[in-house]
Amino acid sequence: MLSKKNKIKYGLKIWSSDKSLFREAAELFYDKKIDFIELYIVPNSMDDINIFEDFKKIPTAIHATHTEHGFDVFSLDDSKIKFFGNQIIKPANFLNSKFIVVHAEEGDSKEIFKKNIEKINDSRMLIENLPQKSLEGNDCFASSYLQLKFIKDCGFNFCFDFSHAIKSAISQKIDYKEFIEKLIKELSPNYFHICNGKLDNDRDEHLDLFDGDFDIKWIKSILVKLSEKKDVYLVFETPKGKKGLKNDLKNINYFCSL
């Protein structure tokens, strides 16, 4: 059962290329198994904006394309700005999305980040915090307290990714719980990503909530406390594997049971 008392809204993440899952995802919403959908945009996966018709009556956040599919805020040019308008803003408008999640990506220049993000800025935009190191070992922006504070001072709200914060804390060799508490207090997010991972490395992982070292019960206690003051949006970034959306529901049910 979804939590209504505590106002934690549970989100299912799917990619825009996962067309075979669209109808099933919509049915989960109408069956009250989830509260919203987060749609990650794979470039050139929508020949027609109407492929998202199933989600038009469902609260749907847009997750902008990131470096895995060739979009990087630190290397914007006219073609990528046009891409952002056509393939990120357009579906967000079509679906009347309240949120557009954007990665800051790889880089370390506050000046370049601010200059480029203003070229694609939208009032619905949430900047997602990142690990300190990418999977390739490069430095990511929006991973340290000072970088995130700078982004907040630029006027942005956040998508707070618990796993990314924990991995950043490991890189910095600091206590991850203290780091998370400090960031949530300073950044005041109400939109979150959750998955599990291992504490013996600093690279991003997307493990099931019941398969890792993170203190998920402690994370839930934070979210429950936050939800007493405001709605909390929580997207499960756990693996689908061969079980597809059934594994998402397994993770949601596990979280609810804690």
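**Entry 1: Lysine 173**

I began at lysine 173, which sits in the loop between helix H5 and helix H6 (176-187). Helices here are DSSP runs of H or I with at least four residues, strands are E runs of at least two, and both are numbered from the N terminus. The model is predicted, so I noted the cut-offs: local features need pLDDT of at least 70 and side-chain atom pairs count only at pLDDT 80 or more, while totals for chains, interfaces and linings use all residues. Residues are numbered from 1 along each chain as its sequence is written, and side-chain values use heavy atoms, with hydrogens and water left out.

I checked the backbone of lysine 173 and found a positive phi of about 60°, although this residue is not a glycine. Is lysine 173 buried or exposed? Lysine 173 is exposed, at 74% relative accessibility. For my own reference, buried means under 20% relative accessible area, exposed means over 50%, and partly exposed is in between, with a 1.4 Å probe and protein chains only.

**Entry 2: Lysine 32**

I then looked up lysine 32, in the loop between helix H1 (22-30) and S2. Lysine 32 is not a glycine either, yet its phi is positive at about 60°. The side is open here: lysine 32 is exposed, with a relative accessible area of 62%.

**Entry 3: the barrel**

How many strands make the closed barrel? I found eight, running S1-S2-S3-S4-S5-S6-S7-S8 with parallel pairing. Two strands pair if DSSP finds at least two bridges between them. From one strand to the next, the twist averages 30°. Angles run from 0 to 180 degrees between N-to-C directions, and axes are lines fitted to C-alpha atoms, for helices over the stretch in contact.

**Entry 4: around S2**

I followed S2 to both of its neighbours. Strand S1 (residues 8-15) pairs with S2 in the parallel sense over five bridges, and tryptophan 15 has tyrosine 40 of S2 as its bridge partner. S1, H1 and S2 form a right-handed β-α-β unit; right-handed means that, with the strands pointing away from the viewer, the path from the first strand over the helix to the second runs clockwise.

On to S3: strand S2 (residues 36-40) and strand S3 (residues 60-63) run parallel and are joined by four bridges. Isoleucine 37 stands opposite threonine 60, and tyrosine 40 has histidine 63 as its partner in S3. I then asked about cover and found five of the five residues of S2 buried. Phe36, Glu38 and Tyr40 lie on one side, with Ile37 and Leu39 on the other.

**Entry 5: around S5**

Both faces of S5 are covered too, with Met125 and Ile127 buried on one side and Leu126 and Glu128 buried on the other. Strand S4 (residues 100-103) runs parallel to S5 and is joined to S5 by four bridges. Histidine 103 has glutamate 128 as its bridge partner in S5. The path from S4 to S5 goes through H3, and this β-α-β crossover is right-handed.

Three bridges join S5 to S6, again in parallel. Leucine 126 stands opposite asparagine 157 in S6. The chain gets from S5 to S6 through H4, and that β-α-β crossover is right-handed.

**Entry 6: H3 against H4**

Two packed helices are described by the angle between their axes and the distance between the axes, so I looked up both. The axes of helix H3 (residues 110-117) and helix H4 (residues 145-153) come within 11 Å and cross at roughly 35°. The contact (heavy atoms within 4.5 Å) is made by Lys110, Phe113 and Lys114 of H3 and by Leu146, Phe150 and Ile151 of H4. How do these contact residues divide? I noted four nonpolar, no polar and two charged.

**Entry 7: leucine 130**

Leucine 130 is buried, with a relative accessible area of 4%. Which residues does leucine 130 touch, not counting those up to four places away in sequence? I listed His103, Ala104, Glu105, Cys140, Phe141, Ala142, Ser143, His164 and Ser168. I also looked up its separation from cysteine 256: leucine 130 and cysteine 256 are 126 residues apart in sequence and 26 Å apart in space, C-alpha to C-alpha.

How values were computed
Nonpolar A, V, L, I, M, F, W, Y, C, P; charged D, E, K, R; others polar.
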